[in-house]
Amino acid sequence: MVLETLPLVAAVAIAIFMLVFWVRVVREVIWTAVGIAVLLAVLYVVFRIGPQQVLQELRDPFALLDQVWQVILSWFRALLS
């Protein structure tokens, strides 16, 4: 009886392991993509407004953050349309 259910138990254990593994892999891929997008958006804003202006913008970092956020949103809108 136990030997008959052993393949089923093994299959369920393997399926759970694969599910946990792939969820972790997908999560890491998503966070990596988000990090790359934020880095590219910051570089885009920095090169768009110029290095001298960036130093002035750093006095109010929320303004710079707002510009980066607007760039990310515009890229997302462009992907959806």
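## Overall dimensions

The protein has a radius of gyration of 23 Å, whereas a compact globule of 81 residues would have one near 12 Å. The structure described here is a predicted model. Along its principal axes, the C-alpha trace spans about 75 × 30 × 15 Å.

## Secondary structure

The protein contains 3 helices and 0 strands. Read from the N terminus, the order of elements is α-α-α. Helix α1 covers residues 2-49, helix α2 covers residues 51-57, and helix α3 covers residues 61-80.

## Surface and charge

Of the 81 residues, 10% count as buried. The accessible surface of the protein is about 7,000 Å². Carbon and sulfur atoms account for 77% of that surface.

The protein has 5 positive and 5 negative charges. The mean position of the positive charges lies 6 Å from the mean position of the negative ones.

## The largest nonpolar core

Which residues make up the largest nonpolar core? This core has 5 residues in all: A41, V45, L64, V68 and V71. Two elements, α1 and α3, each give two or more residues to this core. Helix α3 supplies the largest share, with 3 residues.

One member of the core, L64, has contacts with V45, I49, E57 and L58 when neighbours within four places in sequence are left aside.

## Two residues compared

L40 is located in helix α1. Is L40 buried, partly exposed or exposed? L40 counts as partly exposed because its relative accessibility is 46%, and this class lies between the limits of 20% for buried and 50% for exposed. V29 is 11 residues away from L40 in sequence, and the two C-alpha atoms are 16 Å apart in space.

E57 sits in helix α2. Why does E57 count as buried? The relative accessibility of E57 is 15%, so this residue counts as buried, the cut-off being under 20%. E57 and V46 are likewise 11 residues apart in sequence, but here the C-alpha to C-alpha distance is 9.9 Å.

Residues up to four places away in sequence aside, E57 touches I49, A63, L64 and Q67.

Notes: Residues numbered from 1 in each chain as written. Predicted model: local features only at pLDDT ≥ 70, side-chain atom pairs only at ≥ 80, totals over all residues. Heavy atoms only, no water. Helix = DSSP H or I, 4+ residues; strand = E, 2+ residues; numbered from the N terminus. Rg over C-alpha atoms; globule rule 2.2 N^0.38 Å. Buried < 20%, exposed > 50% of the residue type's maximum accessible area, 1.4 Å probe, protein only. Areas by Shrake-Rupley, 256 points an atom, 1.4 Å probe, with all protein chains shown as cover. Lys, Arg positive; Asp, Glu negative; His and termini not counted. Charge placed at Lys NZ, Arg CZ, Asp CG, Glu CD. Core = buried A, V, L, I, M, F, W, Y, C linked by side-chain atoms within 4.5 Å. Contact = heavy atoms within 4.5 Å.
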